[in-house]
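This briefing covers chain contacts, helix packing and some backbone details. The sequence and structure come first.

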Number of protein chains: 2
Amino acid sequence: MPHPVLLVLDADPSPRLGRLTGRVDVRYADASSLAGQLPAADVLLVWDTASDAVRKAWPGPGARPRWVHTAGTGVDRLLCPELIASDTVLTRARGLGERPVAEYAAGLVLAFAKDLPGTLELQRLRRWRPREGEEVAGSRAVVVGAGPVGREITRLLHGLGVTVALVGRTARRTLHGVADLDRLAARADWVIAAVPLTESTRSMFDRRFFGLLQPSARFVNVGHGATVVEADLVDALDRRWLAGAALDVFEDEPLDGRSPLWDVPGLLVSAHRSGNTVGRHDRLGEQFVAMYEQWAQGGPLPHVVDKRLGHVPSRDLPEGVAAP
Amino acid sequence: MPHPVLLVLDADPSPRLGRLTGRVDVRYADASSLAGQLPAADVLLVWDTASDAVRKAWPGPGARPRWVHTAGTGVDRLLCPELIASDTVLTRARGLGERPVAEYAAGLVLAFAKDLPGTLELQRLRRWRPREGEEVAGSRAVVVGAGPVGREITRLLHGLGVTVALVGRTARRTLHGVADLDRLAARADWVIAAVPLTESTRSMFDRRFFGLLQPSARFVNVGHGATVVEADLVDALDRRWLAGAALDVFEDEPLDGRSPLWDVPGLLVSAHRSGNTVGRHDRLGEQFVAMYEQWAQGGPLPHVVDKRLGHVPSRDLPEGVAAP
């Protein structure tokens, strides 16, 4: 019996497939060769999570893999109507990205409160100027997006003494629904966005939303770039509708060196790096290998994406979430 | 009966004494007038916590106040043998500084792990370069100094998933003694110094100590400048004995604009600001007023410093401290 064909949409560094060596027929594809190789594949591993090659190649002729796994957390770059309608199971990485992203978001909150950017600037100028920082304990945050990342952010901020309201699609027990967002955002010190990109979240953080915020509030986006209308955020910062913002994700990545976003006063720009940590690639590879072994034995796969919703359906809420 | 004389070693902004107005005879002193005014004072409020005028003026002739309160947390700038030997009660501010300092220390840990300084530098250069950060969860910290600040730092880092060893003068239950410090520091990712300045802590972080650290470790000082041999730290950073450091306190403050410390690669310099938060002066004033009212009624004073030890004797340990 021939080995199952594992097709890898590859990126540098390639995944380490360890125990699978000799047990699967591994083939590698890039954006241009993917369409031609898809019909022969039993399993597709999307290692290049920044690519939208799957969405483009999927609708073509021929058979399709029974299982697609992405080494990322978002699936908006993969989904097309044909993949959604198919029997193919779609899974995503889990438990690897949320902690680093949450730590990055918590680090930004503390950096804003203590004005670390200003401190570094004073150091550059060799200027001694004691200043007053803000206390994070007792401040109020709204975390938008109740997926694993939003929950982990909620947990960490709660540990720092922040009162956190977590907002998901619909209210449920201690989870607020999106209908509460305006009211909560209007009294928040921190708005942290970690929402998946769907048709209902695209451009949800716009001029109207920024107009609701307190002038002392800060906005942080560690979710998807296209949920923010960047021009509206720049304009709101310019009008001092809010006190600061940090974007780790953008509508167009990589951000062009000539983009005006690089030097907006009060805006901290980072290169989609919040989820990257040392050793992450190895752990993502190990996670896929373990899932492959379950699949090969006919067991149920974890982290299955609801292709219609565009994310893994959520279950329990973290501790420390403020009641609605 | 005349009102008690409250002498204030003043600083800008002056304390708001609120409810005490009309009930005490408030007089203000600076470093040059302090010695002449001390004999008439019942109570001395050290509002200028950066001054060493008390230590200099105290040994002079005449009566001395029965109570001295400092609006700071350290008492090393106040103590002289004559004050230690006297019956005068010395109290210090409490519960106001530790939280902001701990938040500042936690913010530095996250900023180092995610290389926020490097991120800001790349933004200045308009350069998109995704990089890998370190995960804070699962890393190891040693917090040196088991006073309120060290305990609060321990609590916050524990909440971020860091394994923390807290080191005090002598081992006790879950507290490590200073005899364990070398062994703990040698395997730590973070060494956070928050020790009071005494004869046994002066210059304790020196060439020998930095030589123990892992090359990936970072050192943070939010305690007292003179506990660190600054030249040794600079040399150790230069030799890459450790990966980075942050100093918020210095042997000589304010740090001179020509000091070589301002541009040591890997060293983050801030202007003794970790404890400063918005509204802090008002809260310090309120705390003194409340303590004054207890004192005037003959009640026992809280936050009394053991003048021989140089700090307030510690009691319970915080949760989340790793057992020795």
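A crossing is left-handed if the near helix is turned anticlockwise from the far one by less than a right angle, and right-handed if clockwise. By that rule the crossing of H4(A) and H6(A) is right-handed. Helices (H or I, at least four residues) and strands (E, at least two) are DSSP runs, numbered from the N terminus.

This is a predicted model, in which local features need pLDDT of at least 70 and side-chain atom pairs count only at pLDDT 80 or more, while totals for chains, interfaces and linings use all residues. Residues are numbered from 1 along each chain as its sequence is written, chains are lettered from A and ligands numbered from 1 in the order in which they are written, and side-chain values use heavy atoms, with hydrogens and water left out.

**Interface of chains A and B**

- Chain A gives 58 residues to the contact and chain B gives 58 residues (contact means heavy atoms within 4.5 Å).
- About 4800 Å² is buried between chain A and chain B, and carbon and sulfur atoms give 58% of that area; buried area is the accessible area (1.4 Å probe) that two parts lose on being put together, summed over both.
- Of the area that chain A buries against chain B, 18% comes from Gln123(A), Arg126(A) and Trp128(A), more than from any other three residues.

**Salt bridges**

- Six salt bridges are counted between chain A and chain B, a salt bridge being a side-chain nitrogen of Lys or Arg within 4 Å of a carboxyl oxygen of Asp or Glu.
- Over all chains the count is 44 salt bridges.
- Glu103(A) and Lys114(B) form a salt bridge, with their closest N and O atoms 2.9 Å apart.
- That pair crosses between chains: Glu103(A) lies in helix H4 (residues 98-113) of chain A, and Lys114(B) in the loop between H4 and helix H5 (116-124) of chain B.
- Arg126(A) forms a salt bridge with Asp263(B) through their side chains, at 2.8 Å from N to O.

**Helix packing in chain A**

- The axes of H4(A) and helix H6 (residues 148-159) of chain A are 8 Å apart, and the helices pack at an angle of about 45 degrees. Axes are lines fitted to C-alpha atoms, for helices over the stretch in contact, and angles run from 0 to 180 degrees between N-to-C directions.
- H4(A) and H6(A) are therefore oblique to each other, since angles under 35 degrees count as roughly parallel, over 145 as roughly antiparallel, 65 to 115 as roughly perpendicular and the rest as oblique.
- Residues of H4(A) including Glu98(A), Val101(A) and Val109(A) meet residues of H6(A), among them Pro148(A), Ile153(A) and Leu157(A).
- The contact of H4(A) with H6(A) holds ten nonpolar, no polar and four charged residues. Ala, Val, Leu, Ile, Met, Phe, Trp, Tyr, Cys and Pro count as nonpolar, Asp, Glu, Lys and Arg as charged, and the others, Gly among them, as polar.

**Helix packing in chain B**

- Helix H4 (residues 98-113) of chain B and helix H6 (residues 148-159) of chain B cross at roughly 45 degrees, and their axes come within 8 Å.
- The crossing of H4(B) and H6(B) is right-handed.

**Backbone of chain A**

- Asp12(A) and Pro13(A) are joined by a cis peptide bond, with omega about -5 degrees; Pro13(A) is in the loop between strand S1 (5-9) and strand S2 (25-29).
- A cis peptide bond also joins Glu253(A) and Pro254(A), with omega about -5 degrees.
- Arg126(A), in the loop between helix H5 (116-124) and strand S6 (140-144) of chain A, has a positive phi near 55 degrees and is a residue other than glycine.
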